[in-house]
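I opened this notebook to record what I looked up in the model, beginning with the overall layout and then turning to the packing of helices.

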Amino acid sequence: MGDGTVCPGDPAGTPQITAASGLPDAAAGLGTEIVRFSRLIAAWKQRAKNGAADRVLLARLVVGGDRRATDLAADAFLDLSTVSRQVRSLVERGLVARRPDPEDRRGTLLTATDAGRAAFEQYRRQRDAELAALLEPWAPQDRADLIRLLGRLNEDLAEQHARQLPGGDQGDAVDQGDTHV
């Protein structure tokens with residue numbers, strides 16, 4: 001990464017990416033920041049009362065409606081065994097209910113209960129309050145730019161993920177950004 005300058009506050013001495021940086025430097029810089037962001041998000045999730053997978057699955061059911069476990073796993077980019085364990089916990093806590101699939105009585109649909117919807121709203125309020133405190137000192141244009149660019153990155157990542165699925169079927173995978181969670 002030789003095109004940028006070193007950020008003075010960065011202990012690792014990672015070069016700062018500028019508009020003049022080449023694509024390889026930009027990709028390396030983005031990779032570094034995604035890894036760092038992932039670690040920080042993981043630490044944030046650990047502080048949460050309930051698991052992050054719970055919140056993701058509950059959000060997909062509240063916002064996206066009833067789903068089969070297999071569809072929920074695909075929508076959330078999670079393994080079916082993980083989803084099964086988390087759904088069991090959500091059902092035991094009364095946040096999700098199982099009901100027969102009207103289109104195929106052999107199948108089961110998962111649905112958020114009233115308590116699940118209330119928990120989802122509480123999770124969202126808590127998250128939004130923490131993010132508002134974080135973004136408060138940012139300039140309004142910086143906030144808007146961050147949201148726009150992160151949305152664009154998410155769309156591109158979701159499309160890339162969908163293309164890599166067997167058969168290239170995107171299904172609801174690209175709609176991850178529409179959850180408003």
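**Entry 1: order of elements.** I read the secondary structure along the sequence and noted the pattern β-β-α-α-α-α-β-β-α-α. I note for the record that the model is a predicted one.

**Entry 2: whole-chain values.** I looked up the burial next. Of the 181 residues in the protein, 23% are buried. The accessible surface amounts to about 11800 Å², and carbon and sulfur atoms contribute 56% of that area. I then took the contacts with a sequence separation of 6 or more and found that 46% of them join residues 24 or more positions apart.

**Entry 3: helix 2 against helix 3.** I turned to pairs of helices. Two packed helices are described by the angle between their axes and by the distance between those axes. For helix 2 (residues 52-64) and helix 3 (residues 69-76), the axes come within 10 Å and cross at roughly 110°. An angle from 65 to 115 degrees counts as roughly perpendicular, and the two helices are therefore roughly perpendicular to each other. I recorded the crossing of helix 2 and helix 3 as right-handed. On the helix 2 side, Val56, Leu57, Arg60 and Leu61 make the contact; helix 3 supplies Leu72, Asp75 and Ala76. By class, the residues of this contact are five nonpolar and two charged, with no polar residue.

**Entry 4: helix 2 against helix 5.** I recorded the crossing of helix 2 and helix 5 as left-handed, whereas that of helix 2 and helix 3 is right-handed.

**Entry 5: Asp54.** I then checked a charged residue located in helix 2, Asp54. Is Asp54 buried or exposed? Its relative accessibility is 3%. The cut-off for buried is under 20%, so Asp54 counts as buried. Leaving aside residues up to four places away in sequence, I listed the residues that Asp54 touches as Gln86, Ser89, Leu90 and Arg93.

Methods
Residues are numbered from 1 along each chain as its sequence is written. This is a predicted model: local features need pLDDT of at least 70, side-chain atom pairs count only at pLDDT 80 or more; totals for chains, interfaces and linings use all residues. Side-chain values use heavy atoms; hydrogens and water are left out. Helices (H or I, at least four residues) and strands (E, at least two) are DSSP runs, numbered from the N terminus. Buried means under 20% relative accessible area, exposed over 50%, partly exposed in between (1.4 Å probe, protein chains only). Contact means heavy atoms within 4.5 Å. Accessible areas come from the Shrake-Rupley method with a 1.4 Å probe; for residues, only the protein chains shown count as cover. Axes are lines fitted to C-alpha atoms, for helices over the stretch in contact, and angles run from 0 to 180 degrees between N-to-C directions. Angles under 35 degrees count as roughly parallel, over 145 as roughly antiparallel, 65 to 115 as roughly perpendicular and the rest as oblique. A crossing is left-handed if the near helix is turned anticlockwise from the far one by less than a right angle, and right-handed if clockwise.
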